[in-house]
Amino acid sequence: MAHAIRARRTGRPEAPPGREAARGPKSPGVPSPSRGRSLALAATAAVCVLAATATAPVPAGREHPARTAEMAAAPRTAAVADASDAAGTADASGTAEVSAAAPATCADPEASLRPGDGADGPAVQRIKNRGRLIAGVDQDSFRWGYRNPSTGELSGFDIDLARAIAKDILGDADKVIFLAIPTSQRIPALEKGKVDLIARTMSITCDRIRQVAFSTAYFVAGQQILAPRGSSVTAFDDSLKGKKVCAAKGATAESKMREQPHGARLVTVPNQLDCLVRLQLGQVDAVLTDNALGAGLAAQDPSVQLVGKPFTTDPYGVAMNLKDVDLVRRVNKVLDDYRSGGGDSPWMRAYTKWLAADLKGYTAPPAPKYRD
């Protein structure tokens, strides 16, 4: 994994995939709020041990590691690899509807393209010809996309959604290759054709819709501060003055901190979990992230908590290449089916399974918005 390799080169601790997920919420081994020498040594040791196993691509099931080409050839095997392992495998196809994927204005960035009529376009046909959907995901965001320590498989809300898309297009939820994509590499991975789509808690924004196409929103989160219990940091306000605040590079949190630093110093890292490690080591004083991700971090370490209130509205969408208009429409069809069924909809079942324990108050998925 890219950030694990970087940690070994620089000597700075970077959280490997699944590090905190392996601990799980409220386990007996959770560290106390003290962030002294013993915590630093324990966290650093865990990073070093797990980083050694995180540098090689690993399949999502129990199979032995395989290269992406081998994964694509093997039947019914869901796999995970670094983005570099699939370079060029998802070559983006142009269509006559390119201009429709990128709106000229941004009155409502959530508004996407209506579901298609079922006919396969070039992007969907590309996936069918390959026999695998290539999905960019996270593997260290607890509850969303993380490696389950008991099974060794990727699990979470975003993982279930990617499998639903694979099932709709290919008739089999296991016909998907998962690529671990750092936050800052989500858009480049799509632009270079390394993945067919990104299902990775990616907020739909005016800046991003000029670079990639989004589905309709499948979840709505908001930016919020995560801080140690008892900290003088109480919200995204002037209590941050003189503090170090961590955010994932390329995330909405980074841009919000640059817009309104509140006298704080910004520290950027590849992924949100890296921020939790720095918070535990005392290298930063707080973390700015989506409350949906922050709730997962707090579930892994009860010595930290979300403080203040969410101060933004950040809808998550599945991101795709601007050229892949037919795939956008197909994913929106999947999302329509995913939302349907009321309390027994696939969306509600996934929310109950993965998110409800730590992220309460959601009674239904967000309604879709369309611009055509």
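# Close-up views of a predicted chain

**View 1. Two rings of helix α12 lie one helical turn apart.** Because they are four residues apart in helix α12 (residues 346-354), Trp-347 and Tyr-351 are separated by about one helical turn; helices here are DSSP runs of H or I with at least four residues, strands are runs of E with at least two, and both are numbered from the N terminus. Trp-347 and Tyr-351 form a stacked aromatic pair, with 5.7 Å from centre to centre and 10 degrees between the planes. For such pairs, rings of Phe, Tyr and Trp (its six-membered ring) must have centres within 6.5 Å, and planes under 30 degrees apart count as stacked, over 60 as edge-to-face and the rest as tilted. Both Trp-347 and Tyr-351 are buried, where buried means under 20% relative accessible area, exposed means over 50%, and partly exposed lies in between (1.4 Å probe, protein chains only).

The model is predicted, so local features need a pLDDT of at least 70 and side-chain atom pairs count only at pLDDT 80 or more, while totals for chains, interfaces and linings use all residues. Residues are numbered from 1 along each chain as its sequence is written, and side-chain values use heavy atoms, with hydrogens and water left out.

View 2. Phe-157 belongs to helix α6 (residues 157-170), whereas Tyr-218 sits in the loop between β8 (213-214) and β9 (219-221), 61 residues apart. Phe-157 and Tyr-218 are both buried. One aromatic cluster includes Phe-157, Tyr-218, Trp-347 and Tyr-351, and Trp-144 is also among its members.

**View 3. Strand β10 pairs with two strands.** All six residues of β10 (residues 223-228) are buried, so that the strand is mostly covered. β10 pairs with β13 (residues 286-290) in the antiparallel sense over four bridges, and Leu-226 stands opposite Val-287 in β13. Four bridges also join β10 to β14 (residues 304-307), again antiparallel, with Ile-225 opposite Val-307 in β14. Two strands are said to pair if DSSP finds at least two bridges between them.

**View 4. Three strands form an open sheet.** The order of this sheet is β3-β4-β5, with antiparallel pairing. At its edges stand β3 (140-141) and β5 (154-155), each with a single partner strand, so one side of each is left without a neighbour in the sheet. Two bridges join β3 to β4 (residues 145-147), and Ser-141 stands opposite Gly-145 in β4.

**View 5. Helix α11 is largely enclosed.** Helix α11 (residues 325-339) has 15 residues and reaches 21 Å from its first C-alpha to its last, close to the 21 Å expected at 1.5 Å a residue, the expected span being 1.5 Å times one less than the number of residues. Because 12 of the 15 residues of α11 are buried, the helix is largely enclosed by the rest of the structure. Val-325, Leu-335 and Tyr-338 are among the buried residues. After α11 comes Gly-341, whose phi is positive, near 115 degrees.

View 6. The average pLDDT (the predictor's confidence in each residue, from 0 to 100) is 80 for the chain, and 72% of the residues score at least 70. Over residues 1-78 the pLDDT is below 50. Where pLDDT is low, the predicted coordinates should not be read in detail.

Technical notes:
Contact means heavy atoms within 4.5 Å.
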